[in-house]
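Here is a short briefing on one protein chain. It goes from overall figures to selected local features.

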Amino acid sequence: MAHRRPRTASGVMLPRTDTSSGLDLSTFPSTDRMLARIAYLSGLGHRKTGTPQGRQSAEYIADAFRGAGLSPVTIERAPTPCPTVHTQSLAFDGRSIECFWVNGTGRQAPLGRFRSEIAAGTEIVYLGAGWESDFDQVDVAGKVVVCDIYFHPSLTSTFLDINPRAEFFDPDGSLFEPRNKFDIYAPNNWPNNYFKAQQRGAAGFVGALQNYMDCYNYNEDYTDNGKALGVDGMEIPAVWVSRSDGAEMARTIDAAVSFSDLSLTVDVEYEMKDALNVVGVLPGLSAETILVHSHHDAVFAGAVQDASGIAEVIALAEFFGGLPIEHRGKTMMFAATDTHFTDYVGHEAFLGARERAGDDIVLDLCIEHIGKEVELTQDNHAVETGLVEPRIVYVADESGLLEVVKEAFAKHRLSRTIFAPVSVPPEGAAVEPYEFRPDEVMTDAYAFAEAGIPVVSLIGCQMYLFHPSDTIERIAVDQLRPIGMAFAEIAAAAHALGPQEARDPRARTSPATTGTHHPPTLTHPEGGQS
């Protein structure tokens, strides 16, 4: 359908030379300083939860917080099940195929070591996209199922369709330029095709990534999505392969009456390890607390996800730590969370620790993914467009900050931004199995928003965030300091607001029960396009 642009922040709101915050932003940390933080963190290679690199990351951030004048600074531990992949291998038609373990699969219990070996001689079936009708045509019991995996197109228009209150700041109109991009976060035929294979007795699963970079490196755990289908767990082994390897496998299988020259091995071990949340406090004139956070764990180098967000958090700590206490009407808490990739157990533990300590969090400012935009060529190669990835800024109605946020982003010329007003969810909104609500905060701040804390949360949805190419070269360097300064002004406005409880008595810290879930980010749940 033709998409009519809604009311916009562009064309009606010009950048202003000053704001009511009265902040002197000349002392805000430099771009080079933030880039050096990103270089260190991404230089660790990965920052997986429960690993030495994850601890190095936490200790580096804790030292930075101390250097900014925060006190106390603590590293809080939260035991969480963490996977270690010992073996992932696939051989087909006499040759080795490069592959990557599908996160969460081959796991028969919460903890333990699970080795799945499918030897040559097991029949293989190719089911195309693997819709219900495809499974109805073939008995997959005891066989390895091969399916093509398709992601929804990533379109600004579809995000706006499901978020009717959204506005955008896009002076040059580039948000609506067509790009060959895809939403790698929202379910489409995956993961239901996997769960159907498991329900019908398949021995294993191979997913060929069709509109992703032409590779096999993709990392996300969709275990909880099976609950809607009555499936508890992802027990059969599965691996990802590239589009080109998947196409060759499909041709070979289709050309044979029966094909069984495949061997698949997945050896994964789940152990309890410590997630490490880093927390530092900066006193203010009241006990009401503004939280500023991002997550520090990463599967690969993780420069954009989320060394960039952590660099912003540290920069904001340094900036506000250098100001007299009179500039802080509220206490400030800075945090680097863990377990973004292990079911957010660390986030729940963080909320529990705040409740036990009596911390009075009235606002969460969350920053993630400051990186360049890429799109795919016809051969599925990622190429940079020369622009920053469009960003979504979720703003809770209860924060009272929407106009402040829009002004700050316009002042600092942060175009290609969508502002998505949301509301603190009503008590009892959480349901099992999980059901997507358009009014959700789909960022690392999800658990905090669901706990009733108003948020201002920025996120980019780049296609390469689960890929080894998320290196420092992907950072949108010219955006680092402007985003930090915009959030400094948002925080300053929050400091000046009256007591949060007077505006919304429900906006209080309380523990939340969360799970991994994957609703749309830039696309409609049904994949609609304009």
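Among contacts (heavy atoms within 4.5 Å) between residues at least 6 apart in sequence, 85% join residues at least 24 apart. The model is predicted: local features need pLDDT of at least 70, side-chain atom pairs count only at pLDDT 80 or more, and totals for chains, interfaces and linings use all residues. Residues are numbered from 1 along each chain as its sequence is written, and side-chain values use heavy atoms, leaving out hydrogens and water.

**Overall**
- The chain has twelve helices and 20 strands; these are DSSP runs, numbered from the N terminus, with helices (H or I) of at least four residues and strands (E) of at least two.
- Of its 530 residues, 60% count as buried; buried means under 20% relative accessible area, exposed over 50%, and partly exposed in between (1.4 Å probe, protein chains only).

**Helix pair H1 and H11**
- The axes of H1 (residues 31–42) and H11 (residues 477–496) come within 9 Å and cross at roughly 110 degrees.
- Axes are lines fitted to C-alpha atoms, for helices over the stretch in contact, and angles run from 0 to 180 degrees between N-to-C directions.
- The two helices, H1 and H11, are therefore roughly perpendicular (65 to 115 degrees).
- H1 contributes Thr-31, Met-34, Leu-35 and Ile-38 to the contact, and H11 contributes Val-477, Leu-480 and Arg-481.

**Open sheet**
- Five strands form an open sheet in the order E3-E11-E10-E6-E5, with mixed pairing; two strands pair if DSSP finds at least two bridges between them.
- E3 (100–101) and E5 (124–126) are the edge strands, each pairing on one side only.
- E5 and E6 (residues 144–149) run parallel, joined by three bridges.
- Val-125 has Val-145 of E6 as its bridge partner.
- H5 (residues 192–199) packs on the sheet, touching E6, E10 (204–209) and E11 (238–241), and its direction makes about 165 degrees with that of E6.
- H6 (residues 243–255) also packs on the sheet, touching E5, E6, E10 and E11.

**Backbone exceptions**
- Most residues other than glycine have a negative phi, and most peptide bonds are trans.
- Ser-71 and Pro-72 are joined by a cis peptide bond, with omega about 0 degrees; Pro-72 sits in the loop between H2 (52–67) and E1 (73–92).
- Trp-190 and Pro-191 are also joined by a cis peptide bond, with omega about 10 degrees.
- Asp-93 has a positive phi of about 50 degrees and is partly exposed, at 41% relative accessible area.
- Arg-416 has a positive phi of about 60 degrees but is buried, at 2%.

Conventions. Angles under 35 degrees count as roughly parallel, over 145 as roughly antiparallel, 65 to 115 as roughly perpendicular and the rest as oblique.
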